[in-house]
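User: I would like to learn how to read the features of a model like this one, step by step. Please start from a single residue and widen the view from there.

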Amino acid sequence: MRKPSTIKIGKIIQQIRKSNGYTQEKLAEAIEVSVRYISDIEQDRAKPSYEILIKICNLFKISLDQIFSEYISIRDNKTLEYQLSGYDKLSDDDKKTIEYLITYFNSSK
């Protein structure tokens, strides 16, 4: 039986954090951990506990499958979900621009 590869989610958490406009400091404060711990998670030097993962998911309004999508056999376009996870924090003008672009690209097919 083949040994499973090590699960590394640091880069995914970093991508989610950045797409929501959070610094490591802001994330650390929001979930009540140290900045060093956030850095260690993002560099895959530390593995977050279930409690920390739940706090991250609740903060960014995402599900655990978005964090572990690389390791789950059901695949969707998770990169798009990461990028859109900060959509509700955009200004109304920015949201209208995105909606216009989606409509434009879908109609040009």
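Analyst: Let us start with Leu 101, which counts as partly exposed at a relative accessibility of 38%. Please keep in mind throughout that this is a predicted model. Leu 101 belongs to helix H7, which spans residues 92-107, and it contributes to a nonpolar surface patch of about 460 Å² together with Tyr 100, Tyr 104 and Phe 105. Patches are built from residues with over 30% relative accessible area, so Leu 101, at 38%, passes that cut-off.

User: Before we go on to pairs of residues, how many helices and strands are there in the chain, and what share of the residues is buried?

Analyst: The chain holds 7 helices and 0 strands, and its pattern along the sequence is accordingly written α-α-α-α-α-α-α. Of the 109 residues in the chain, 31% are buried.

User: How should I read a salt bridge, and which residue forms a salt bridge with Arg 17?

Analyst: The general idea is that side chains of opposite charge can pair when their charged atoms come close. In one of them Arg 17 is paired with Glu 42, and the closest N and O atoms are 2.5 Å apart. That pair links distant parts of the chain, since Arg 17 sits in helix H1 (residues 10-19) and Glu 42 in helix H3 (residues 35-42), 25 residues apart.

User: Is that pair made of buried or exposed residues?

Analyst: Buried means under 20% relative accessible area; Arg 17, with a relative accessible area of 5%, is therefore buried, and Glu 42, with 0%, is buried as well.

User: Which residue forms a salt bridge with Lys 55, and what does the pair tie together?

Analyst: Lys 55 is bridged to Glu 32, with 3.6 Å between the closest N and O atoms. Glu 32 lies in the loop between helix H2 (24-31) and H3, while Lys 55 is in helix H4 (residues 50-60), so the pair ties together parts that are 23 residues apart in sequence. Here Glu 32 is exposed, with a relative accessible area of 66%, whereas Lys 55, at 33%, is partly exposed.

User: Which residues are linked in a network of salt bridges?

Analyst: Arg 36, Asp 40 and Arg 45 are linked in such a network. Within it, Arg 45 forms a salt bridge with Asp 40, and the closest N and O atoms are 2.9 Å apart. Asp 40 counts as buried at 15% relative accessibility, while Arg 45, with a relative accessible area of 54%, is exposed.

User: What should I look for in the backbone, for instance in the phi of Glu 32?

Analyst: Most residues other than glycine have a negative phi, and most peptide bonds are trans. Glu 32, although it is not a glycine, has a positive phi of about 60°. Lys 61, also not a glycine, has a positive phi of about 55°. Its place is in the loop between H4 and helix H5 (64-67), and at 67% relative accessibility Lys 61 counts as exposed.

User: Finally, how far apart in space are Ile 56 and Ile 31, and Leu 64 and Ile 54, C-alpha to C-alpha?

Analyst: Ile 56 and Ile 31 are separated by 25 residues in sequence and by 7.1 Å in space, C-alpha to C-alpha. Ile 56 is found in helix H4, where it is buried, with a relative accessible area of 1%. Leu 64 and Ile 54 are 10 residues apart in sequence, and their C-alpha atoms are 7.8 Å apart in space. Leu 64 has its place in helix H5 and is partly exposed, with a relative accessible area of 36%.

Key: Residues are numbered from 1 along each chain as its sequence is written. This is a predicted model: local features need pLDDT of at least 70, side-chain atom pairs count only at pLDDT 80 or more; totals for chains, interfaces and linings use all residues. Side-chain values use heavy atoms; hydrogens and water are left out. A salt bridge is a side-chain nitrogen of Lys or Arg within 4 Å of a carboxyl oxygen of Asp or Glu. Helices (H or I, at least four residues) and strands (E, at least two) are DSSP runs, numbered from the N terminus. Buried means under 20% relative accessible area, exposed over 50%, partly exposed in between (1.4 Å probe, protein chains only). Patches are made of residues with over 30% relative accessible area and no salt bridge: like charges are joined within 9 Å, nonpolar side chains (Val, Leu, Ile, Met, Phe, Trp, Tyr) within 5 Å. Accessible areas come from the Shrake-Rupley method with a 1.4 Å probe; for residues, only the protein chains shown count as cover.
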